[in-house]
Amino acid sequence: MKNYKIAVVPGDGIGHEIVPAGLKVLQAAAEKHQFTLETQEFPFGAGYYKQHGQFMPNDGLDTLKQFDAVYFGAVGDPEVDDTLPAMLYTFRVRTAFQQYVNYRPVKLLPGIDSPLRYKSHKDIDFVVIRENNEGEFVQNGKIIHPDQPYGLATDTSVFTRAGIERIAHYSFKLAQKRRKKVTNVTKSNTLINSLAYWDRVIEEVSVQYPDVTYHKMYVDNASASFVLKPEVFDVIVTTNMIGDILSDLGGAIMGSLGLGPSGNINPEKEFPSMFEPIHGSAPDIAGQGIANPVGSIWSGALMLGHLGETEAAQDILKGIEATTQNGIVTVDLGGNAETTEIADSVIENL
Ligand code: NAI
Ligand code: MG
């Protein structure tokens with residue numbers, strides 16, 4: 001029997017509710033499909049920071065590296081400076097493990113009404129591929145003389161040819177397996193150096209995929225199109241910050257931020273990949289047992305797919321769809337099911 005070693009990092013806030021719910025489903029799927037998941041939990045996050053002054057121990061990355069994948073919740077706590085969580089945990093893992101693809105599907109699940117009143121399930125089914133190692137979020141900047149009238153701050157984006165090429169190839173290859181359409185969401189009309197270069201390199205790669213239709217769209221138009229005509233999208237390739245923002249909008253048109261899954265993927269499998277819902281630690285609802293675990297369960301399905309257990313992955317997604325179809329949803333979707341009840345229902349459907 002195949003065994004996979006999974007590092008479990010619930011993080012903070014609702015991470016402690018959605019991750020156990022997801023794990024329960026993953027273990028049930030493993031049993032059904034005859035493989036085992038050997039899990040080990042790590043308390044990394046803002047809670048750990050409050051005790052130890054760092055988000056994970058010095059050897060945290062070395063520890064995580066020994067696993068086949070990382071199953072993650074979210075980090076962030078109202079009592080901890082919010083400039084720290086991404087820098088000291090999430091982006092450290094994403095960068096150190098070269099998880100340069102952030103894979104974020106947007107799909108309207110059966111039984112759920114999108115807030116887009118004129119759109120149906122066939123209209124909302126696309127994937128945001130967010131570049132996950134470079135761009136606007138490289139922490140390349142400074143705050144100088146913050147308290148003076150001449151105070152100033154910078155964050156300089158970084159885009160490399162190698163970084164753009166690899167995310168472009170991933171996106172075109174993914175489109176070949178879907179509806180064969182790539183939309184590059186950019187802002188090169190005003191970021192006339194970095195994103196003009198981004199466009200140029202993506203267009204060079206696009207020529208190598210003549211079976212895939214290529215479009216370029218500015219992000220302002222793309223955000224309107226998410227709402228007015230989401231059916232135009234199949235695979236979106238975009239930068240780190242634009243992808244971050246648009247994928248929350250994607251969660252919203254699916255009906256709730258709590259539904260969106262994601263994979264931080266190292267396609268070459270040189271390092272473990274990390275799977276997490278798109279949302280944060282939601283301190284406003286933490287501890288109440290009402291968080292929607294679908295994004296976390298679905299992220300677990302993406303993890304199993306990445307590990308090669310595609311049948312189990314598809315099975316979990318079908319289980320989620322049967323649950324939503326039956327109207328078993330949490331309060332964010334107008335229902336009254338609790339976090340654990342969603343997990344139990346998905347397991348029953350398995
Ligand atoms: P958030 O995503 O945590 O919450 C935004 C809103 O969506 C809240 O009203 C929340 O209750 C709701 N929501 C989120 N997930 C939900 C779920 N599963 N079920 C039901 N409702 C859900 O974003 P926010 O409030 O901007 O950030 C809170 C903290 O999370 C901050 O410290 C932030 O830095 C952190 N964060 C961490 C991320 C990560 O670890 N990858 C990603 C985004 C934010
Ligand atoms: Mg985000």
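This is a predicted model: local features need pLDDT of at least 70, side-chain atom pairs count only at pLDDT 80 or more; totals for chains, interfaces and linings use all residues.
Local features are reported at pLDDT of at least 70 and side-chain atom pairs at pLDDT 80 or more, whereas totals for chains, interfaces and linings use all residues. Residues are numbered from 1 along each chain as its sequence is written, chains are lettered from A and ligands numbered from 1 in the order in which they are written, and side-chain values use heavy atoms, with hydrogens and water left out.

**View 1. Packing of helix H1 (residues 15-33) against helix H9 (residues 294-307).** The axes of H1 and H9 are 8 Å apart, at an angle of about 45 degrees. Helices are DSSP runs (H or I, at least four residues) numbered from the N terminus; axes are lines fitted to C-alpha atoms over the stretch in contact, and angles run from 0 to 180 degrees between N-to-C directions. H1 contributes Ile18, Val19, Gly22, Val25, Leu26 and Ala29 to the contact, and H9 contributes Ser296, Ile297, Gly300, Ala301, Met303 and Leu304 (contact means heavy atoms within 4.5 Å). Nine of these residues are nonpolar, three are polar and none is charged; Ala, Val, Leu, Ile, Met, Phe, Trp, Tyr, Cys and Pro count as nonpolar, Asp, Glu, Lys and Arg as charged, and the others, Gly among them, as polar.

**View 2. Packing of H1 against helix H10 (residues 310-325).** The two axes come within 10 Å and cross at roughly 130 degrees, which makes H1 oblique to H10. Val25, Leu26, Ala29, Lys32 and His33 of H1 meet Glu311, Ala312, Asp315 and Ile316 of H10. This contact comprises five nonpolar, one polar and three charged residues.

**View 3. Packing of helix H5 (residues 161-176) against helix H6 (residues 194-206).** The axes come within 9 Å, crossing at roughly 45 degrees, and H5 and H6 are therefore oblique to each other. On the H5 side the contact residues include Arg161, Glu165 and Phe172, and on the H6 side they include Trp198, Arg200 and Glu204. The contact of H5 with H6 holds nine nonpolar, two polar and four charged residues.

**View 4. Surroundings of ligand 1.** Ligand 1 is surrounded by 20 residues, of which Val75, Asp82, Gly280, Ala282 and Asp284 are the closest (a residue counts when one of its heavy atoms lies within 4 Å). For Ala282, a backbone N or O atom is 2.8 Å from an oxygen atom of the ligand.

Terms used. Helices (H or I, at least four residues) and strands (E, at least two) are DSSP runs, numbered from the N terminus. A polar contact is a pair of N or O atoms within 3.5 Å; within protein, one must be able to donate a hydrogen and the other to accept it, and residues adjacent in sequence count only if both atoms are side-chain atoms. Angles under 35 degrees count as roughly parallel, over 145 as roughly antiparallel, 65 to 115 as roughly perpendicular and the rest as oblique.
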